[in-house]
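Reader: Before I use these coordinates, I would like to go through the packing with you, with the cut-offs stated as each term comes up.

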Amino acid sequence: MTLAATELAFRAASVALLLMLAASLLHDFRKVLAARLGAAFALGAAAHAASYSVDVTSRIPLWHAPLIALSTGGIVVFWLFTRALFDDEFRLRWWHGLIWALVTAFSFAGCVWIAPSGHVRFSVTVVNLIVLGFIALSIGQTIASWPTDLVERRRRVRVFIVCAIALYGGLNAVLQIAVAGHHVGAVAETINAGVLACTVAAIVYAMMRVDGADLFPAAAEPAPPIAFSPPAAEDAADQKLVDAVMRLMADERIYRQENITIGALAGRLKIPEYRLRRLINQRLGYRNFNVFLNNHRIEEAKAALADPTQAEVPVITIAMDAGFQSLGPFNRAFKAVTGVTPTEYRRLKADAV
């Protein structure tokens, strides 16, 4: 088999796997934002597999330009995917679409105007610096949200997915910047296509080994209530620990402490952190530690807002007393749970008296 045929086979395999992954995500989890973004990223990666070339010394075929633009915009989708995958409360905003459109438009302009006008190195360097920037944002987001993720199997697979994509994308970006304007040959193109096919196959395999319910919440369900009824067959030792956690929340109101972490809470209970994550996730039904804390904070805030004796207490004071650090996050979390703003909730309770 010639190098050209081998490269084509690798590209075709990557595209087929990515299209299969996108179809699977949309079929099984089309109502879940993270799954839709994952499917969109898979389609962008398929465009990358079909059009990417380390060699950018010659004029790019016009039909490649839309694929390359979608491929570049895919890195923005990847960033959004990592945010949605590991933060169940993440929501898209209009400016996310604007960022994607600007990156995609610049990449398209680079293909049809900037590079052909003699500025190949400039175009390649800027595009790949953008790619590296969003890879850095994705890695930072993953590291920042890692401690609060309570879904153990998702914690394991997330690192692999992000690292594999970041490593491949980062090395490609650095390589393109380094060789821009120089011919690299068919061997390098074939190796790159082979590495991409292996990376895609490994990611698809890793995602297939994880229960979809662990990666994606089934739907936009309300956060679980703080009161719960444990199963009759629940292990007695685990039940004692769950009771101890709930006492710390109800009696000591440990959720009020600034920057309280799951590690600090595990230390108070004198148990390993992984065991506490499992208890809060599997026994209490939470996927994120911050949501667990915020539900307790919101319950306290709801009681204060409904209390006639605190009618003159500012909302910001109630929020900070409950453990929130600022008004914005409190308002968003409160409305996500109750469906109304804190001020509206207070008015409704006052009207009901």
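Predicted model: local features only at pLDDT ≥ 70, side-chain atom pairs only at ≥ 80, totals over all residues.

Author: Residues are numbered from 1 along each chain as its sequence is written, and side-chain values use heavy atoms, with hydrogens and water left out.

Reader: Which residues have the most contacts inside the largest nonpolar core?

Author: A nonpolar core is a set of buried Ala, Val, Leu, Ile, Met, Phe, Trp, Tyr and Cys residues joined through side-chain atoms within 4.5 Å, where buried means under 20% relative accessible area, exposed over 50% and partly exposed in between, with a 1.4 Å probe and protein chains only. Apart from it lies another core of 25 residues, L241, A244, I262 and V291 among them. The largest core itself has 48 residues, and those with the most contacts inside it are L37, M207 and F216.

Reader: In which loop does L92 lie, and what is it in contact with?

Author: L92 is partly exposed, with a relative accessible area of 41%, and its C-alpha is 8.2 Å from that of L80, which is 12 residues away in sequence. L92 belongs to the loop between helix 3 and helix 4. Taking contact as heavy atoms within 4.5 Å and leaving aside neighbours within four places in sequence, L92 touches L33, L37 and L80.

Reader: How far apart are the end C-alpha atoms of helix 4, and what span should its residues give?

Author: The expected span of a helix is 1.5 Å times one less than its number of residues. For helix 4, residues 94-114, the 21 residues should therefore span 30 Å, which agrees with end C-alpha atoms that are 28 Å apart.

Reader: Within what arc do the buried residues of helix 4 fall?

Author: The buried residues of helix 4 are H96, V103, T104, S107, G110, C111 and I114, and what covers them includes helix 3 and helix 5. The face turned away from that buried side carries the exposed residues W94, L102 and W113. With the arc taken from the directions from the helix axis to the C-beta atoms, the buried residues line one face of helix 4, because seen down its axis they fall within 160°.

Reader: What covers the buried residues of helix 11?

Author: Helix 11 spans residues 273-283, and its buried residues are L276, R277, L279, I280 and N281. What covers these residues includes helix 6, helix 9 (236-250), helix 10 (262-269) and helix 12 (289-306).

Reader: What is the phi of N259, and is N259 buried or exposed?

Author: N259 is found in the loop between helix 9 and helix 10, and its phi is positive, at about 55°, although it is not a glycine. With a relative accessible area of 62%, N259 is exposed.

Reader: Is E300 buried or exposed, and what is it in contact with?

Author: E300 has its place in helix 12, and at 14% relative accessibility it counts as buried. Leaving aside neighbours within four places in sequence, E300 is in contact with R253, Y255, R256, D321 and A322.

Reader: At what angle are the planes of the Y286 and F292 rings?

Author: Rings of Phe, Tyr and Trp (its six-membered ring) pair if their centres lie within 6.5 Å, with planes under 30 degrees apart counted as stacked, over 60 as edge-to-face and the rest as tilted, and this rule gives 7 aromatic pairs. Both Y286 and F292 are buried. Their ring centres are 5.2 Å apart and the pair is edge-to-face, because the planes are at 75°.

Terms used. Helix = DSSP H or I, 4+ residues; strand = E, 2+ residues; numbered from the N terminus.
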